[in-house]
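Biologist: I would like to learn how to read a salt bridge in a protein model. Could you walk me through the idea and then through a case?

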Amino acid sequence: MPDVQPHAGPHGPRAAALIGPYGSGKSTLCDALLEAAGGKPRREGETRTREPGTDTRLAHCQFLGESWALLDCPGSVEFLHETAMALAMADIAVVVAEPDPARTLALRPALALVEASGLPCIVFINKADTMTTPPQELVEALQAQTQLPLVPRQMPIMEGGKVVGYVDLVSEHAYRYRARLPSEIIRIPAGIADAEHAAHDALVDTLADRDDTLLEQVISGSTPTSGELFAHLRQDLAARNLAEVMFGAAELSHGVLRLWKSLRHDTPEATATAARLGIAPEGPPLAQVGKTSYAGQAGKLCYARVWRGPLRDGASAGQLRVGGIFTFAGPEMQKVPQAATGDLVALGRLEGATPGTVFGEGAAALTFPVPPPPVYALAIAAADRKDDVRLSAALQKLLEEDPALTLTRDTETGDTLLTGQGEAHLGHALDRLAKGWGLTVTTARPKLRLKETIRDTVLEHSRLKRQTGGHGQFADVKLEVAPRGRGEGFLFTDRITGGAVPRQYIPAVAAAAEEAMRKGPFGYPVVDVAVTLVDGTFHAVDSSDMAFRTATRNGIAEALAKSGPVLLEPIHHVTVTAPNMYTANVQRLLTGRRGQILGYGETPGQPGWDNTEALIPEAETHRMILELRSQTAGLGSFVHRFNHLAEAPPQLAERIARETAAKT
């Protein structure tokens, strides 16, 4: 296949990210755009059987001689960070929506990412052939989910209750859809002529509100030309004063060419995007990695946006060296000798690079999306212990591919924890380990990080006396073991007088007392306990540090068992964010998980959403995200942090006691 020339045409290479919730038809739209640009024709019905995406797909094409990179992002909320990384590589976002007001709420996470990204935005209402809601009502429902003012670019033409075409509100030309063919220009139907003129005037007024020159022109009675309106629209779109709303049906290729033309005319140049990001136009090659992937025989690939080119194969910057430049104009990768400014390409063998890595110098202000905090965890281990080393290496590569995954070693429980955004997110990671590296991994619920303390004060006498020939072992201690206030920790003191225990042995007693707190009667660390060495005796020959350590450990083990041991569980402060129509559901969920509601209020910067704060046992946070999403149409999320320790409920303490007894 011939090399792609990404820099051909009057415009430089540009990139568009297609984002939106699962089921909105992003991948279908991406395929339709590629087909309209001369790509592989789609077979009828093939997109209807597509599985939900979990990775961003990169595709290259040429439209009217200009180079484009399309980023088809996954729709699940569990893979939102994939979308955020894609937006960091793009010049414009196309938010794909369904024509159902009840589904517009699902767009809020994607629209929030667009608002944070600083990118211009086009909202494409897909599946318009199934639309039954009046367009204005649909736009109003969408407007409730974003702070960007939404401006319809088109008015759908309805016949027999179905959308059969549209009127472009800028040019005031009408078009009738034809399946998989360019739309046919027609007269504006008489039945909608008045409504179309009103919608056109509303568009002009919206643009005039943001431009004094246009406002004066309108007030003077002068009619702005279509060219002038297109220029104002492009300017306002780039400045994020508004977002365009368009209609179509990707499955039938309706509205796809019109979307292409809007992208072609309204998408900022890569140099403008780079300037917005603080990148100077002059200087050596500069690129930023937006995604990494280990692709079988191809090895490691880094998807990177070239903000300043040309970037040539073999180029070096610091410790990084480019080992191949690839594009995806079709089913196979194509190797190219260099990438121009604006190209979005895959760089081969860029060892040490991770998402966000900058190749080159002069971009100190260049940032990258921060992964969301994890909300779901699994304890993992290799099914075959011989695979431990292979698993460790594979996990490191997996973490490079997906920064929203984290891997930690819990020093208290010994668990290796893989954490992420939900069951599907971690399931995808485990599937990658199996298919990409041939590793079978066992999973389990993370062990509880429990603690113990005591209720009562106990005075314990412990004596060690052993004679085995030669020097023996002797130590005698009287220990007072008492509870302390919650959170006060461990404290050792002594009240020895008259040399009952020589001073050189007291540090050994203190160290042994602290060591004894590592494991209490239930088998968990003991906290908030004071140990006092009250009295004791020694032997001039047989006493030693070791003897006093042993006597102390034995004495404290006995004392803890007698002092009313109590099991403590960690309590976390959680903040749950969800649409306010689900706040009651959220509160029921929290109280059903032994949570204590602290209060709720509107989420800052998100009208119509509430933050609910509560205290909840850590044990109840496992799988909470799954129930939360089921109760909030998939939109709820939460963050949590340790707050304090509290006495565990009797049923939990009794279960732990039975398990401890069974082990002894």
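Modeller: Happy to! A salt bridge is a side-chain nitrogen of Lys or Arg within 4 Å of a carboxyl oxygen of Asp or Glu. Keep in mind that this is a predicted model. Here, the side chains of E244 and R153 meet in a salt bridge, at 3.3 Å from N to O.

Biologist: Where do E244 and R153 lie in the chain?

Modeller: E244 belongs to strand β11, while R153 sits in the loop between β6 and β7, so the pair ties together parts that are 91 residues apart in sequence.

Biologist: Is E244 buried or exposed?

Modeller: Residues under 20% relative accessible area count as buried. E244 is buried, at 0%, and R153 is buried too, at 1%.

Biologist: Which residues are linked with R153 and E244 in a network of salt bridges?

Modeller: D168, R258 and D266 join R153 and E244 in that network.

Biologist: How many salt bridges does the count come to?

Modeller: The count is 38 salt bridges. One of them pairs E618 with R449, with the closest N and O atoms 2.5 Å apart. These two residues link distant parts of the chain, 169 residues apart: E618 is in the loop between β33 and α15, and R449 is in the loop between β25 and β26. E618 counts as buried at 13% relative accessibility, whereas R449 is partly exposed at 33%.

Biologist: And what is the relative accessibility of E423?

Modeller: E423 is at 40%, which counts as partly exposed. Its salt-bridge partner is R623, with the closest N and O atoms 3.3 Å apart.

Notes. Residues numbered from 1 in each chain as written. Predicted model: local features only at pLDDT ≥ 70, side-chain atom pairs only at ≥ 80, totals over all residues. Heavy atoms only, no water. Helix = DSSP H or I, 4+ residues; strand = E, 2+ residues; numbered from the N terminus. Buried < 20%, exposed > 50% of the residue type's maximum accessible area, 1.4 Å probe, protein only.
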